[in-house]
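Open the model in your viewer and keep the sequence panel beside it. The stops below tell you what to select next.

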Amino acid sequence: MPATTGPGTATGLVRFGWDYDHGEFVTLSGWVPQPAREAIYQAGFSRRGDALDCWHQRRSVDPNEQIRNAARLVDQLVAARVPVANWHRPEQRNSDLSEHYWWLQNEGPFPDADRATEAAWQVICADLATDRLVPADRGLARAVLSGAVVVEAMQTFDGVDWWLARDAGDPDSSSYVMLRHDTGNGHLGITEHYASWYGPQARRDFRATQLRDTTHPPAARAQAARPSRRARMAAAPALAPLPPGPAPRRSAAR
């Protein structure tokens, strides 16, 4: 796609985001050039999402393929000088958004894996010291403390911790597991096992599904609370029919 705007030319904005109901999506605001709109359509963002006023891909498309499609489109629009931004973090724009989508596809080790390992140790030590874990889960907790199970990354949602962990050894040939830690209920368990060859992809998936910020910005939350235009039209009461007019006068028979 050729460059569509010159430097400093006022134009619209294409925002990229993810939502459970839509997958990867884009929203358009302002004047977005027709070549950019065509590129968005050709990248697979051809389905309308009224709730977010967005365009998204078919839900049958694999989530990682959706990310790759979005990443290519971001690079394409940036090269054409069409402004792009992260729908969830509006301050992340243009080349920063390109880096974000590269990060979502990154299969490499976590730079802060050592900090995650230490944080998991501290949590487990506190659990065992206060006798919070149910007896059946203490064996796994001790495996984390001994280093037999190494926690590399963690995220917390609604008070529940999700940890990506592996067995000791080379990260690229280790078997990864997903751990679910719920201090409130005293549970630590394995929710998913990954094959030994899937280690790099497990790291990629954790970035895309757990570490990625997918919160709705305040303006979007307010918009989502407001029914869509289609819903408002469907719910609007029909106009009351006009009252019948007076009966036509009949002239007297002559």
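Select Val74: is Val74 buried or exposed? Val74 is buried, with a relative accessible area of 0%. Buried means under 20% relative accessible area, exposed over 50%, and partly exposed in between (1.4 Å probe, protein chains only).

Before moving on, some ground rules. This is a predicted model, in which local features need pLDDT of at least 70 and side-chain atom pairs count only at pLDDT 80 or more, while totals for chains, interfaces and linings use all residues. Residues are numbered from 1 along each chain as its sequence is written, and side-chain values use heavy atoms, with hydrogens and water left out.

**Whole protein**

Zoom out. The protein has 8 helices and 9 strands. These elements are DSSP runs, numbered from the N terminus: helices are H or I with at least four residues, strands are E with at least two. Of the 254 residues, 39% are buried.

Return to Val74, in helix α2. Show its contacts (heavy atoms within 4.5 Å). Leaving out residues up to four places away in sequence, Val74 touches Phe16, Val84, Leu97, Ser98 and Tyr101. Draw a distance to Ala85, 11 residues apart along the chain: the C-alpha atoms are separated by 9.1 Å.

Next, select α3, residues 95–104. Its buried residues are Leu97, Ser98, His100, Tyr101 and Leu104. They cover an arc of only 160 degrees around the axis, which puts them on the same side of α3. The arc is that of the directions from the helix axis to the C-beta atoms. Glu99 and Trp102 are exposed on the other side. The buried residues of α3 pack against β1 (13–19), β2, α2, β5 (84–86) and α6.

**Helix α5**

Move to α5, residues 138–146. Here Leu140, Ala141, Ala143 and Val144 are the buried residues. An α-helix has 3.6 residues a turn, so residues three or four places apart point the same way. The cover over the buried residues of α5 includes α4 (113–129), β6 (149–157), β8 (176–182) and β9 (187–193). After α5 comes Gly147, with a positive phi near 90 degrees.

**Arg203**

Select Arg203 in helix α6. Is Arg203 buried or exposed? Arg203 counts as buried, at 1% relative accessibility. Its side chain makes a polar contact with the side chain of Asp172, at 2.6 Å. A polar contact is a pair of N or O atoms within 3.5 Å; within protein, one must be able to donate a hydrogen and the other to accept it, and residues adjacent in sequence count only if both atoms are side-chain atoms. Setting aside neighbours within four places in sequence, the contacts of Arg203 include Glu107, Phe110, Glu152 and Tyr176.

**Two loop residues**

Most residues other than glycine have a negative phi, and most peptide bonds are trans. Asp53 has a positive phi, near 55 degrees. Find Asp53 in the loop between β3 (47–49) and β4 (54–56). Asp53 is partly exposed, with a relative accessible area of 40%.

Then jump to Asp158, in the loop between β6 and β7 (160–167). Its phi is also positive, near 50 degrees. Asp158 is exposed, with a relative accessible area of 82%.
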